[in-house]
Amino acid sequence: MRIHRLAPLALILVTPATATAGTRLPLTVRVYDMSADPTDRTRSFAAVARVLAPANVELQWLSGPLATRETPAPQDLVVRLVRQDTVATRPGQMALGYAVVDAAGRRGTVATIFLERVEWLARISGADVEELTGLAIAHEISHLLLGSPTHTARGLMRARWTTDEIRAGHPADWQLGRRERDQLRAGLAARLGTRRTPESPRVAALSVRAQAEPTLR
Ligand SMILES: [Zn+2]
């Protein structure tokens with residue numbers, strides 16, 4: 001794991017989306033980092049922004065004291081970064097995180113990422129841990145915005161991430177499909193109290209071998 005000694009106590013990072021689909025939708029994500037790690041999460045947040053950019057979502061990250069200074073607004077998302085001692089006792093298939101979704105209301109607010117599990121997966125697959133953390137956050141945030149706990153066979157929202165897939169690094173494995181992007185935009189628009197028409201460019205999905213190990217919920 002890469003640790004930055006001079007990590008900022010608080011971070012506001014606004015990442016403009018680059019896509020042209022529809023009106024840019026703002027999304028504030030409050031990061032409750034319960035790990036006490038001095039890690040600068042900027043690159044993880046950038047990975048999330050890259051995933052959501054084709055949906056034309058403009059992310060604002062609140063971390064450190066800024067994240068907890070105020071009660072979250074109803075439209076805000078909360079990402080908890082936690083560290084537990086689960087890798088040594090539960091090798092093999094593990095959930096990297098989870099999102100609490102009200103399936104009836106098709107809405108969720110809080111997602112949790114298990115940092116030690118992401119670090120374990122990054123280690124055994126030779127991946128960049130900050131990048132992988134960002135992808136895990138993007139997966140769980142997407143559950144919250146889609147208002148659904150379901151998974152897809154391909155792309156970022158598949159349930160299992162294998163070491164082979166991570167090593168291969170096919171872009172389509174780590175992107176939202178067009179349908180998910182449209183649904184995500186619709187979910188975010190509803191969350192913001194607006195009724196904007198979702199639209200996004202088409203992206204081809206690659207077929208990947210579903211095999212192993214860590215699981216996202
Ligand atoms: Zn999931």
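Me: Which pattern does the chain follow when read along the sequence?
Reply: This is a predicted model, in which local features need pLDDT of at least 70 and side-chain atom pairs count only at pLDDT 80 or more, whereas totals for chains, interfaces and linings use all residues. Residues are numbered from 1 along each chain as its sequence is written. The secondary structure comes to six helices and six strands, where helices (H or I, at least four residues) and strands (E, at least two) are DSSP runs numbered from the N terminus. Read along the sequence, the pattern is β-β-α-β-α-β-β-β-α-α-α-α.

Me: In which sense do β4 and β6 pair, parallel or antiparallel?
Reply: Two strands pair if DSSP finds at least two bridges between them. Strand β4 (residues 77-82) has five bridges with β6, and V78 has V110 of β6 as its bridge partner. The sense of the pairing of β4 and β6 is parallel.

Me: Which residue in β6 stands opposite Y98?
Reply: Strands β5 and β6 pair over five bridges in the antiparallel sense. In β6, the residue opposite Y98 is T112.

Me: What value does phi of R106 take in the hairpin of β5 and β6?
Reply: R106 is found in the loop between β5 (97-102) and β6 (107-114), and the hairpin has four residues between the strands. R106 is partly exposed, because 15 other C-beta atoms lie within 10 Å; a residue is buried with 20 or more such atoms, exposed with 12 or fewer, and partly exposed in between, with C-beta atoms placed from the backbone. Although R106 is a residue other than glycine, its phi is positive, at a value near 50 degrees.

Me: Why does N56 count as buried?
Reply: N56 lies in the loop between α1 (42-52) and β3 (57-63). This residue is not a glycine, yet has a positive phi of about 60 degrees. N56 is buried because the other C-beta atoms within 10 Å number 24.

Me: Which residues does G187 touch, not counting residues up to four places away in sequence?
Reply: G187 is found in helix α6 (residues 178-191) and counts as buried because it has 22 C-beta neighbours inside 10 Å. The C-alpha atoms of G187 and L146 are separated by 5.7 Å, although these residues are 41 apart along the chain. Two residues are in contact if their C-beta atoms, placed from the backbone, lie within 7 Å. With residues up to four places away left out, G187 touches R106, L145, L146 and G147.
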